[in-house]
Amino acid sequence: MKLSIGIVGLPNVGKSTLFNALLKKQVANVANYPFCTIEPNVGIIEVPDERLPVLAKIVNTEKIVPAAVEFYDIAGLVKGASTGAGLGNKFLSHIREVAAIVHVVRLFEDSNVVHVSEKINPNDDLQTIESELMLADLETLSKQHEPKGDAASKEAKAAWVSFQKVKENLNKSIPVRNQSLTDEEKEFLKPLNFLTVKPVIYVFNISENQLQNKSETEKKIREILPNGSFIYLCAKMESEIVILSPDEQKEYLKQFGLEESGLNRLIKKAYETLGLISFLTAGTLEARAWTITKGTLAPQAAAVIHTDFEKKFIKADVIPYQKFVESEGWIKARDSGLVQTVGKDYVMQDGEVVEFKINA
């Protein structure tokens, strides 16, 4: 499953610094898996998963294949982007292609980094981006035509009513993701690919001083964003520490009271925001994490490995990761009765180690 995240924000808020830190993280890692930069503004980054090296050691393999996130560095939006300002139409079209949005908001003060409006005002910055995305959605709605006459289907008429409801709410500054919509209405909206329907993770880019004063920084962020999913990090620092070893990074982050880097927290948050989980496979060929949505049944999970596996599915052996580790592999786990054999109606859980049984 493709997990694509677009990094957006005003110019000079730290988007590219954050993106470059992600790319350096990718380059700095030495695990044996095929990740690369697709083009200058797209990078494929692994989802941090501490379980995989442990599994690899148990099954005696050197090949580790994590789940992946695709990040897009979308050039800075400006006021008027929805009408084409600053090549806005091009950048808005890039946002349409991603599954979720990381909205970078500048909280740091630095006289050497010019702010597009010449002052640091996170509230205004947030509103500018959100307004441009809502205006773009209103533009999309303006291109829809009311179905008229006897030839118009009942479904087309119902869709039109949904469009008017969404339009009314957008004009009240309510993004589509925050509107109360029925499942039927959501289906009508899907073909329009609204920008404000996409889940958003707000990333507040702060200074090292602000990172040291976490309680004050968090209070300030909550005043700016009372609701919403957010993390905060110092993009400049993140771009500098990626060259350190994992142990050196942990030691450095301790002085800020952090257990892991902001990059890792962001990637995990992106995964969680899209309702994704991983199941694990562990054999002599590789230890690997496979991406599925929450609620996926076993046959559909098998299809992620190979499309033929769904129709050839017989059953699956599953065991929670921790029990697999405690048993030191499949043999002891089976001897101890810890492996559960499940059928086609089984709902996969995050972190399960799995072996699928398939018809030849």
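In which loop does Asn-193 lie? I began my notebook with that question, and I found Asn-193 in the loop between H6 and strand S7 (200-205).

**Entry 1: ground rules**

I noted that this is a predicted model, in which local features need pLDDT of at least 70 and side-chain atom pairs count only at pLDDT 80 or more, whereas totals for chains, interfaces and linings use all residues. Residues are numbered from 1 along each chain as its sequence is written, and side-chain values use heavy atoms, with hydrogens and water left out. Helices (H or I, at least four residues) and strands (E, at least two) are DSSP runs, numbered from the N terminus.

**Entry 2: two residues with positive phi**

I looked up the backbone angles of Asn-193 and found a phi near 50 degrees, which is a positive value in a residue other than glycine. Ser-173 also has a positive phi, near 65 degrees, and its place is in the loop between helix H5 (154-171) and helix H6 (183-189). I wrote these down because most residues other than glycine have a negative phi.

Next I checked accessibility, where buried means under 20% relative accessible area, exposed means over 50%, and partly exposed is in between (1.4 Å probe, protein chains only). Ser-173 has a relative accessible area of 48% and so is partly exposed, and Asn-193, at 29%, counts as partly exposed.

I then followed the chain into S7, where six of its six residues are buried. Val-200, Tyr-202 and Phe-204 point one way from S7, while Ile-201, Val-203 and Asn-205 point the other way.

Two strands pair if DSSP finds at least two bridges between them. S6 and S7 run parallel and are joined by six bridges, and His-103 stands opposite Tyr-202 in S7. S7 also pairs with S8 in the parallel sense, over five bridges, and there Asn-205 has Leu-233 of S8 as its bridge partner.

**Entry 3: the cavity**

How many cavities of 30 Å³ or more does the structure hold? I found one, and the largest cavity has a volume of about 30 Å³. A cavity here is a set of points on a 1 Å grid over the protein atoms alone where a 1.4 Å probe fits but cannot get out, and lining residues have an atom within 4 Å of a point. Grid points are joined across faces, edges and corners, and the volume is the space filled by probe spheres set on the points.

The residues that line the largest cavity are Ile-101, His-103, Ile-129, Glu-130, Leu-133, Val-200 and Tyr-202. Strand S6 (100-106), helix H4 (122-142) and S7 each supply at least two residues of this lining, and the largest share, three residues, comes from H4. I sorted the lining into five nonpolar residues, one polar and one charged, where Ala, Val, Leu, Ile, Met, Phe, Trp, Tyr, Cys and Pro count as nonpolar, Asp, Glu, Lys and Arg as charged, and the others, Gly among them, as polar.

**Entry 4: aromatic rings**

I looked up six aromatic pairs in the structure; rings of Phe, Tyr and Trp (its six-membered ring) pair if their centres lie within 6.5 Å, and planes under 30 degrees apart count as stacked, over 60 as edge-to-face and the rest as tilted. One of the pairs is Phe-204 with Phe-230, which is edge-to-face, with 6.1 Å centre to centre and 90 degrees between the planes. This pair links distant parts of the chain, since Phe-204 is in strand S7 and Phe-230 is in strand S8 (residues 229-233), 26 residues apart. Phe-204 is buried, with a relative accessible area of 0%, and Phe-230, at 16%, also counts as buried.

Tyr-252 and Phe-256 form a tilted pair, with 5.9 Å centre to centre and 55 degrees between the planes. Tyr-252 is partly exposed at 27%, whereas Phe-256 is buried at 4%.

**Entry 5: strand S5**

Last, I turned to strand S5 (residues 68-73), where five of its six residues are buried. Strand S1 (residues 4-8) runs parallel to S5 and is joined to S5 by four bridges, while strand S3 (residues 42-46) runs antiparallel to S5 and is joined by five. I noted that Ser-4 stands opposite Glu-70 in S5, and that Glu-70 is the bridge partner of Ile-44.

Definitions and conventions: 1 Å grid on protein atoms, 1.4 Å probe; cavity = no way out; pocket = protein on both sides within 12 Å on 5 of 7 lines; lining within 4 Å.
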